[in-house]
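Here's a quick tour of one model, with an eye on helix packing and charged pairs. Have the viewer open as you read.

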Amino acid sequence: THAVVKDVLAGKYSTGSQITVKGWIRTRRDSKAGISFLAVHDGSCFDAVQAVAPSDLANYENEIKRLTTACSVIVTGTVARSEGQGQAFEIQAQDVTVVGWVENPDTYPMAPKRHSMEYLREQAHLRARTNVMGAVTRVRHCLAQAVHRFFHEQGYYWISTPIITGSDTEGAGEMFRVSTLDLENLPRTAQGKVDYSQDFFGKETYLTVSGQLNGETYACAMSKIYTFGPTFRAENSNTSRHLAEFWMIEPEVAFAELKDIAQLAEDMLKYVCKAVLTERADDMAFFAERIDPTAVTRLQQLVDSSFVRMDYTDAIEILKTCGKTFQYPVEWGVDLQSEHERYLAEEHVGAPIIMQNYPKDIKAFYMRLNDDGKTVAAMDVLAPGIGEIIGGSQREERLEHFDKRLDEMGLNKEDYSWYRDLRRYGTVPHSGFGLGFERLVSYVTGVGNVRDVIAFPRTPGNADF
Ligand code: 4AD
Ligand code: MG
């Protein structure tokens with residue numbers, strides 16, 4: 001039987017059973033008595049399994065004793081109780097077949113020592129083999145599965161919204177253009193402007209920044225939907241929490257107000273954190289040991305806590321009177337910077353905060369105006385260590401208010417005709433939010449830079465691999 005390492009270590013095979021494990025050497029150690037201990041990993045769990053290779057194997061001297069980190073091998077042997085501390089089971093090897101050698105082991109870029117995250121990023125094709133990226137990959141997978149499970153169990157439908165779009169959902173102008181026009185010979189209108197009517201779609205198109213507007217159309221028919229897909233932002237932000245290409249989860253709910261999706265955000269975050277604590281205890285123990293000592297306790301606290309709700313207006317008061325000097329001073333009306341979000345979540349509350357009711361002028365055009373006429377029913381979830389991980393709102397479902405807002409912002413009604421139709425035909429209060437998936441993985445693992453929780457990060461000046 002081809003066994004995976006996880007099952008061998010978990011005792012799925014009784015001692016004496018004959019199995020085959022396929023994987024890569026993590027380390028090799030030789031004993032004086034003429035035995036080699038091979039740590040073999042295959043990605044199925046954090047740990048490697050120990051294969052004990054005795055010197056009477058035919059290829060012991062000329063192959064097994066030359067194995068180095070990352071050589072690929074097929075080990076066949078019998079399962080045995082392990083006498084060393086650590087693991088309960090090991091493999092007594094009867095055959096070790098070397099599938100692939102590592103040329104020049106001395107210069108192998110992923111030699112088994114601690115590398116900086118910056119160095120690993122330059123080797124994105126090889127970093128998948130490291131302990132840290134293996135752990136990140138498994139936790140990320142666990143979180144994605146838990147997200148789907150959570151929404152499925154609650155009766156949500158997963159909607160696939162388009163990647164190529166004509167609309168700028170966030171209205172921030174941070175879009176990558178999608179075009180098949182010949183850049184060296186652009187067609188021009190009589191006024192000298194680029195003639196996009198000659199482009200592939202007959203108009204200007206972009207990579208989507210959010211699936212929300214399309215998602216709303218389905219929420220206003222199916223009641224509860226979510227998206228889970230890639231989104232793109234051409235914002236020139238070189239920070240530890242911004243990517244040009246990131247994954248977003250966007251639930252949208254009909255007949256729901258701000259308080260309902262605030263509760264949904266809290267329930268969802270607790271559900272997925274709980275899943276990681278139970279399903280990926282091995283990887284979380286590694287993060288707690290190597291990356292962030294509070295990794296496990298922090299998640300447990302989140303699961304056990306109730307998130308604090310705070311109004312933007314109260315947050316500004318707190319920031320103004322806390323006696324701390326910020327790089328960006330605060331007054332009512334400014335957008336909260338990461339330093340403010342982190343102060344509130346880390347020092348003032350010490351747990352995630354749901355910040356609500358922001359000034360309308362710093363938020364997107366689609367958010368629902370509150371009765372005070374100056375704030376909108378918006379909410380952000382601010383997490384310790386990272387700041388905003390979720391942004392959402394109740395949507396403006398009243399056509400006359402929506403049109404007034406478009407006018408105020410100098411936006412064109414015709415450009416939003418299909419979106420306005422939702423307000424013309426059976427409109428309904430509805431709300432939703434977007435969770436940045438890499439920010440969630442970063443928060444959960446304690447890996448401080450979103451570039452290190454996605455396989456191949458896209459950032460300004462970097463689209464290698
Ligand atoms: O706050 P944002 O811009 O909200 C929206 O896009 C709404 N349409 C969501 C909705 O209501 N359906 O983005 C949502 C989240 C942020 O809270 C953040 O976690 C993440 O997406 N995000 C980024 N993550 C990585 N890199 C970037 N450049 C990000 N920009 C936003
Ligand atoms: Mg936001």
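Which residues in H8 meet which residues in H9? On the H8 side they are Ala315, Ile318 and Leu319, and their partners in H9 are His340, Tyr343, Leu344 and His348. Sorted by type, the residues of this H8–H9 contact come out as five nonpolar, two polar and no charged. Keep in mind that this is a predicted model.

As for the geometry, helix H8 spans residues 312-321 and helix H9 spans residues 338-349. Their axes come within 11 Å and cross at roughly 80°. Angles of 65 to 115 degrees count as roughly perpendicular, so that's the label H8 and H9 get.

**The annotated span**

The UniProt record, an unreviewed entry, puts "domain: Aminoacyl-transfer RNA synthetases class-II family profile" on residues 143-457. In the model, the end C-alpha atoms of that span sit 18 Å apart. Its make-up is 36% helix and 20% strand.

**Charged pairs**

Side chains of opposite charge can pair when their charged atoms come close. Counting salt bridges with a 4 Å cut-off between nitrogen and oxygen, the model has 28 of them.

| Pair | Distance (N to O) |
|---|---|
| Asp452 and Arg127 | 3.2 Å |
| Lys259 and Glu257 | 3.6 Å |
| Lys259 and Asp260 | 3.7 Å |

Where in the chain do Asp452 and Arg127 come from? Asp452 belongs to the segment after helix H12 (437-445), while Arg127 is in the loop between helix H2 (117-122) and helix H3 (131-153). That makes the pair a link between distant parts of the chain, 325 residues apart. Both Asp452 and Arg127 are buried.

Now for Lys259, which pairs with Glu257 and also with Asp260.

Elsewhere, salt bridges with shared partners tie Arg138, Arg280, Asp282 and Asp283 together into one network.

Key: Residues are numbered from 1 along each chain as its sequence is written. Chains are lettered from A and ligands numbered from 1 in the order in which they are written. This is a predicted model: local features need pLDDT of at least 70, side-chain atom pairs count only at pLDDT 80 or more; totals for chains, interfaces and linings use all residues. Side-chain values use heavy atoms; hydrogens and water are left out. A salt bridge is a side-chain nitrogen of Lys or Arg within 4 Å of a carboxyl oxygen of Asp or Glu. Helices (H or I, at least four residues) and strands (E, at least two) are DSSP runs, numbered from the N terminus. Buried means under 20% relative accessible area, exposed over 50%, partly exposed in between (1.4 Å probe, protein chains only). UniProt positions are given in the numbering used here, feature names are shortened, and annotations may be inferred rather than shown by experiment. Axes are lines fitted to C-alpha atoms, for helices over the stretch in contact, and angles run from 0 to 180 degrees between N-to-C directions. Angles under 35 degrees count as roughly parallel, over 145 as roughly antiparallel, 65 to 115 as roughly perpendicular and the rest as oblique. Contact means heavy atoms within 4.5 Å. Ala, Val, Leu, Ile, Met, Phe, Trp, Tyr, Cys and Pro count as nonpolar, Asp, Glu, Lys and Arg as charged, and the others, Gly among them, as polar.
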